[in-house]
Amino acid sequence: MFRYYARTKSSDEPGGKPMTKQELVNQVLASKTFLDKSTDVLTEEDSGLTPVEGMMTAAQQISHIAQTADWFMEGVFGDGFNMNFEESAKEIMAVTSLDEALKWLQRSYDNVVETIGSKTEEKLNELTPEGAVMGSTPKVLVLGGIPEHTAHHRGALTVYTRLAGKVPSMPYM
């Protein structure tokens, strides 16, 4: 059985308690704030910015973050995790505008916060189905993958920004 613990202990561990809805929302909002600050020097003209040919552009990185937030939400509360990564990649590779990618990102994060806020603590602590991504794990912990994934791509975008000769803002201030 795979167990994923996002900054908290599972309630079945000694001394553990489930992450609350508000703690998860706070993590999600903080990850969005850190991303916004880290990428605030990027402009529409930087949409096609990429360190080397064949890698995702800045616009595609942002779109990938949005798409993955949507993927987590659909996986946990919808029809399950879409594992057709080839099809998902096609959608991302078609994105050419940073402005459009940022709009998608905002819609995705708004949906995450609204959906989590609409669920009860009991619903968020239900286990995901066995065999699913992070199967048999409380939904609240699976959703902790959203800020973790965002942090990974925030770091990549910081490198993109530096390679373009720009200095990203300090995300934690």
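Helices (H or I, at least four residues) and strands (E, at least two) are DSSP runs, numbered from the N terminus. On that basis the protein chain has seven helices and zero strands, and its pattern along the sequence reads α-α-α-α-α-α-α. The radius of gyration of the protein chain is 17 Å, close to the 16 Å that the globule rule gives for 173 residues, so the chain is as compact as a globular protein of that length. Here the radius is taken over C-alpha atoms, and the globule rule is 2.2 Å times the number of residues to the power 0.38.

The model is predicted: local features need pLDDT of at least 70 and side-chain atom pairs count only at pLDDT 80 or more, while totals for chains, interfaces and linings use all residues. Residues are numbered from 1 along each chain as its sequence is written, and side-chain values use heavy atoms, with hydrogens and water left out.

Along the principal axes, the C-alpha atoms of the protein chain fill a box of roughly 50 × 40 × 25 Å. Of its 173 residues, 44% count as buried (under 20% relative accessible area, with exposed over 50% and partly exposed in between; 1.4 Å probe, protein chains only). Where contact means heavy atoms within 4.5 Å, 70% of the contacts between residues at least 6 apart in sequence join residues at least 24 apart.

The aromatic side chains show particular links. Five aromatic pairs are found in a search of the whole structure; rings of Phe, Tyr and Trp (its six-membered ring) pair if their centres lie within 6.5 Å, and planes under 30 degrees apart count as stacked, over 60 as edge-to-face and the rest as tilted. In one of them, the ring centres of phenylalanine 34 and tyrosine 172 are 4.8 Å apart with planes at 70°, so this pair is edge-to-face. Phenylalanine 34 belongs to helix H1 (residues 21-38) and tyrosine 172 to the segment after helix H7 (145-163), so the pair links distant parts of the chain, 138 residues apart. Phenylalanine 34 is partly exposed, at a relative accessible area of 24%.

A second pair joins tryptophan 71 and phenylalanine 85, whose ring centres lie 6.2 Å apart with planes at 55°, so the pair is tilted. Because tryptophan 71 lies in helix H2 (residues 58-77) and phenylalanine 85 in helix H3 (residues 85-93), this pair ties together parts 14 residues apart in sequence. Tryptophan 71 counts as buried at 19% relative accessibility, whereas phenylalanine 85 is partly exposed at 48%.
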